[in-house]
Amino acid sequence: MSWFKRNKGTEKTDDLDLSACFDSFNKHWQQTFEIIDRFQTSKGVIKHDDIIAVINHLNQLIKLLLLDVQSAKSTNHSRCLEYFLRNQLLEKLYSWSLKTDKFKNYLKLEQLKVYGVLLSELRGHQLLSDDSILNPLILILNSYDGDCLSVEIEKHLVTVLRQFCVVLSHQPSILCNVIKDNTKNSKCVILSLLMAFIHRDGSIGEEARDALLIFVSLSRQNDTLANIITSKSNVSPVLATGLSGLYSVLPRKLDFENDCYRLSPENIEDVPELNNFLASVELCNAVAKICHKSVYDQLLDYLYHGFLLPVVGPALMQDFENNCGINAHLSRVAEEEVATATVYLDLLLRSVTHPGLLQTFVKFVLCERFEKIKIIELLINRINSKSFKVCIATLALMETILDLNCEDVMLELVFKYLVPCTHIMLSQRSRIKQVDSYCKSADIFLSLIPDVFKHRNVNFQTLYSEYRGYLNCARIKIAECAIETKHWTYLYDGENPSHVIVETKINEVENDQNSILSADDSSSGYESFKAMKDIDKMLGTDDSRPADEILSNTSSPCGSDSPMCFIRQSTFKTKEPFTQYPCLGPFLEALFSTLENLPEQDFRINLRLTAVMTRLSMYNKPLIQSLLLNHSMIFQPCIRSLFQILRSLKQTIETKLCSRVEKIIEAEAFLIERENKLCSTQCSRSVGEKIPEPFARGESKRRSISVAFEAMFKKNSRNKEAKLESTNNGYRYYKENETESLDLPINAIILTEWLKELSAICQEHAIS
C-alpha cells in the first residue's frame, strides 16, 4: 500500500465533507463490484486491466475508509466503516480472488497489505470481531502455510501476524473465535507460520519473535490455548532444535592467546553466529517467563533432551588428555574444542535469567553423567589440567557457578564435605562461629605479603593498589551475597545442620528422564533437603522458619531431581564419632593444589584462580569463613590450610626475588600499563553511549575479540614489549632481547594484591 505510506498523516480531515466521502466510497465499491460480477456471470477470461482496476479501487476504498474513520472520531460513527462491514467487502473480494487463476497470488498479496493497514490503523475498532473480516484473514494465512514465499510476501506476512497477535492480546473475545476455529484443524496456523521465521536474521526475525511472545503470553490465562501450543504446534521442538542448530555452527575454536576465556557483549558483536545463538537463548528465556505452566514444562523438557544432553554434553565431555599419545594433532584440536565448549556453557549460564530455565542448566551440570562421570566432577578435575586454555576457561565457569548463590551448588561443591566437620580438630569445632572482632586475620594476611613489596613506593593512583577500593568492593559483594543467601535452608555454621555425617545418594538421572520436575517462581525447590528437615525435627535441632522465608528467588536450580542429600546421626561405636576420612572435597582441594603452583603458573590463571577463591570467601557462612579466613583455626594434620599455603608462597617468592628489584619494577610497569589500557578502552567505549545491560541485543558495533583484548597486554610500540611465549607448562612473559622471565615478579604482585583483598574481606565480614 505505497499510496498510504506517502500520504499518511498529510490529509486534513477538519474540513472533510463526510457525505461526499461516503458517496465516493460507495462509488468505488460499485465499480469494483461490477468487475467482479461481470466475471462471475459471464465466466469470461479475467484480464490484467481488470485486476489493476480492482486494486486501484481497493486502494481508494481503504484510503477513504481511514479518512472517514479519522473524521468521525468525535461522534464515533463512520458510515464508510458500517457499509464496509455490512456488505462484507473483503469476504467478497477474497472469494472472487480464488477464481482469478494466475492473478490469485497477486491479489492475495494485495489483500494481505490491506489487512496490514487495517490492523495497524483501526486497532481500536474491533474489526476482527466481525466474521467478514476475520474469516478471510484466517483463510489467507492458511493459504500461505507451507508455501515457499518471496521476501516481499514474508515481510508483509510477518507484519500482519504481529499486528494480529497484538489485536488478540487486547481483545480476548476474538482469541476465543480463533481458538474455536483451530479446534477443527490439526494445527494452529498463527504458530505454524511464525515458527518458520523465529530464527531469521534482521527485521523479519525480530518481528516474528515479538509476535510469538505476544501470542504465547496469552496462554498464561488460557488453558485451551496452552493445550493447542503443546499438542498442535511445534513451538518447543523448534526452540530446542533451533538452539542445537545455532550451537552447531558456533566457532569451535576461539582466540585464547589474548585471554579470551569469557565472552561478553563487548566481544561478541563481530561474531554473527554468537549473536544469533544468544538471540535464540533470550527467546527461550522470554517464553519461559510468560507462558502457561504446561508450555513451560514442555519447553524445559525439550531443551534438556533436545539441546543439553545431545549437543552441549558431548561437546563438553570430550577426552583430550588421554588421546595425546595416539594423535597429538587431534588432541590439540579436542583441547581447543573443549575449552571453547566450556566458554559457551559459561555464556549460557550468564545469559539465562529465568529461575526455571537456569534450574535446568544447573541441573544438567550438577546431576548429568556421561560415561559414568558427572559433568561437575570432570570440570573440577580440569582445574588442574595441563592445558592452559581448558584450565582458565574452567576457572571462569566455576566463578560463574559460584555467582549463582545457589544452595544446592554450594552443597555439591563445598558443604557436603565441610558439614561433617571432620577437617577440623574436635576441640576446635566450637570455634567455627567465632567472630574475628579485632580483625587479627586481616593483619595476618597483610603480614604474608612478601618483604620485598613492603615499604615500596607504588603508584597509588592505580586501582589495583588501592586498599580502600578493596574495602568498598568487599562491602558491596558481601552484602549482595548475604541478601541472596539469607533464605537458605541451613546456616552452615557447624551446628545447623548439626555435626553429623552427610551421605549423598545419587538418583541415576537416566532412570527418570521422562520429565523434568522444575520449580516455578513461587517454589523454594529445596526437595533435596526434605529428609534433612525431617531428621532434624526428630533430633530436636530443627531451625524452623515461616514458609514465606523459605520461598525465595534463590531457590534450588536442581528441584526434585537434585541429589537427595540427607543427614543421619553417626553411630558412636568408637571414641571418635566422625569416622569419615578428613577432606575438603575435590573442588577446594583442586583450588588449593593450583594455588600452590602460583609462582610458576601463567599470571592469567592466577588472576582467575584468586577471583574464584575470593568469590568463595564472600559467602557469609561460618564453615567457609573458618576455612579460608580464620588464621587460628586448627585443622586435622592431613589438611593443609590456606594460611599454610600462603606462608609457603611467601617464602618461595622472597627467596627467588630478594635481589631482583628491577624485575619487580618492570612487572609493576607492565601491570599498570595493562590496567590503564583496559580502563581507557572501557571509558572510550562508554563515552556518549549508555552502558548496555548484560547480553542485551542491538548495541552498536563493537571491536572484535582479538582487538579488544590486545589493548590489555600490548605495550606501546616505542617501548620494549613483553612477549608471550608458549612453553610445556603453559605460557610465560619475557622481555625482548632478554632471557629472564617476568612470570615470577608478575605473580608475586598478584599474590600481594590478593592478600590485600583477603584482608579487606576479613574486615568487612567482621563488621557486617
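Buried means under 20% relative accessible area, exposed over 50%, and partly exposed in between, with a 1.4 Å probe and protein chains only. The model is predicted, so local features need pLDDT of at least 70, side-chain atom pairs count only at pLDDT 80 or more, and totals for chains, interfaces and linings use all residues. Residues are numbered from 1 along each chain as its sequence is written, and side-chain values use heavy atoms, with hydrogens and water left out.

**View A. Tyr-247 and Tyr-344 pair edge-to-face.** The structure holds 16 aromatic pairs. Rings of Phe, Tyr and Trp (its six-membered ring) pair if their centres lie within 6.5 Å; planes under 30 degrees apart count as stacked, over 60 as edge-to-face and the rest as tilted. In this pair the ring centres are 5.8 Å apart and the planes stand at 75°. The pair links distant parts of the chain. Tyr-247 sits in helix α13 (residues 235-248) and Tyr-344 in helix α16 (residues 328-351), 97 residues apart. Helices (H or I, at least four residues) and strands (E, at least two) are DSSP runs, numbered from the N terminus. Tyr-344 is buried, with a relative accessible area of 3%.

**View B. Phe-415 and Tyr-492 form a stacked pair.** The distance is 4.0 Å centre to centre, with 10° between the planes. Phe-415 belongs to helix α20 (residues 407-418). Tyr-492 lies in the loop between α22 (467-485) and β3 (501-505). The pair therefore ties together parts that are 77 residues apart in sequence. Both Phe-415 and Tyr-492 are buried. They also belong to one aromatic cluster with Trp-488, Tyr-490 and Tyr-619.

**View C. Charged side chains sit over the rings of Phe-22 and Tyr-144.** A charge sits over a ring if NZ of Lys or CZ of Arg is within 6 Å of the ring centre and within 35 degrees of the ring normal. Arg-79 lies over the face of Phe-22, 4.0 Å from the ring centre. Lys-108 places its charged end over the ring of Tyr-144, 4.4 Å from the centre.

**View D. Cys-188 is in no disulfide.** A disulfide is a pair of cysteine sulfur atoms within 2.5 Å. A search of the whole structure finds zero. For Cys-188, the nearest cysteine sulfur is that of Cys-165, 8.7 Å away. Cys-188 is buried, at 4% relative accessibility.

**View E. Cys-762 is too far from Cys-439 for a bond.** Cys-762 is buried, with a relative accessible area of 8%.
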